[in-house]
Amino acid sequence: MNDKLSSDLIFRISFWGGLGLGLILYVLLVVNNDLVFCFELSCYSGTLEIFSLPLSVVAGGMGLAAFRATIFRSDQTRAQISESILQNKFKNYIDHKKELMSLLDMIESAHGVKITNRPSLYKNLFPKNSPTCVMFESKELDCDRSWLDFQLDEFNELIIEYNEIGTKICVNDKFLSEREVARWLSNYLLLIFKLDITFPDGLVISDQYKGLFSDSDELNCIPPSIGNSFYVVSEYFEHLSSFALPSRDEAICIKGIASFDTRFDKWLEVFTRGNA
């Protein structure tokens, strides 16, 4: 759209076309009529009658130009409103991301963990968001549930398995296979990876057991304390749910986590032995 009314083609045609055509008609009427100077009222009436056509043409052109000017201003106002809305959406998008980054900074500082792949985490939480569309409620593209809900479901299932495995360790670990624990641990490490939580002092899986775990080294780092990591992940879920699910009245549900002192972590040392 042109920013200036004088640059609008329809306005220029209406305005200058009306003036030009009126002038041409005026000249033709002057040339083809024997006109004399007269100051009587009858002469005035006759002059108006003779020049009524060019005057009507000029008036019509001015009317069309005025109508076009009204439409032009309306279009400009609509465009300005749309641009303002777009700018506000972009600002809301940037501010929303900044709020999440500040929350993640707080979690890092409080628990001594690293959260590095933040753009991906934001996209997982708010897949519909973009600079032109901002939603403050986390929802998947194809359903009303949040990505966070699915990760929480998985976390609760892992807690149940953790409690079962921990109980076996305390009662009689002879009936507990390394493969069973490795499967659980591999799933837990995958969840931590998806949540983008990195424990700096984590223990690396030894080469002897890498066949039971993922091929990616990023997924093969065991938190120094499983029990403490559960606490960190639980806090992580609670903070993220407060941010990404603000309209929910009920708090998120996290299964009860049994305490096995250091016995569970001691048992897991079998997967890290042999590392320098």
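Partly exposed residues have a relative accessible area between the buried limit of under 20% and the exposed limit of over 50%. In this predicted model, R183 has a relative accessibility of 43% and therefore counts as partly exposed. R183 takes part in a salt bridge with E161, and a search of the whole structure finds seven salt bridges.

- The side chains of E161 and R183 meet with an N to O distance of 3.2 Å.
- E161 is partly exposed, at 22% relative accessibility.

**Helices α3 and α4**

- A salt bridge links D105 to R118, and their closest N and O atoms are 2.8 Å apart.
- Because D105 lies in helix α3 (residues 52-111) and R118 in helix α4 (residues 118-125), the pair ties together parts that are 13 residues apart in sequence.
- R118 is buried, with a relative accessible area of 12%, whereas D105 is partly exposed at 39%.
- Salt bridges with shared partners join D105, E108 and R118 into one network.

**The pair D153 and R145**

- D153 and R145 form a salt bridge through their side chains, at 2.9 Å from N to O.
- D153 is partly exposed, with 32% relative accessibility.
- R145 is likewise partly exposed, its relative accessible area being 33%.

Methods: Residues are numbered from 1 along each chain as its sequence is written. This is a predicted model: local features need pLDDT of at least 70, side-chain atom pairs count only at pLDDT 80 or more; totals for chains, interfaces and linings use all residues. Side-chain values use heavy atoms; hydrogens and water are left out. A salt bridge is a side-chain nitrogen of Lys or Arg within 4 Å of a carboxyl oxygen of Asp or Glu. Helices (H or I, at least four residues) and strands (E, at least two) are DSSP runs, numbered from the N terminus. Buried means under 20% relative accessible area, exposed over 50%, partly exposed in between (1.4 Å probe, protein chains only).
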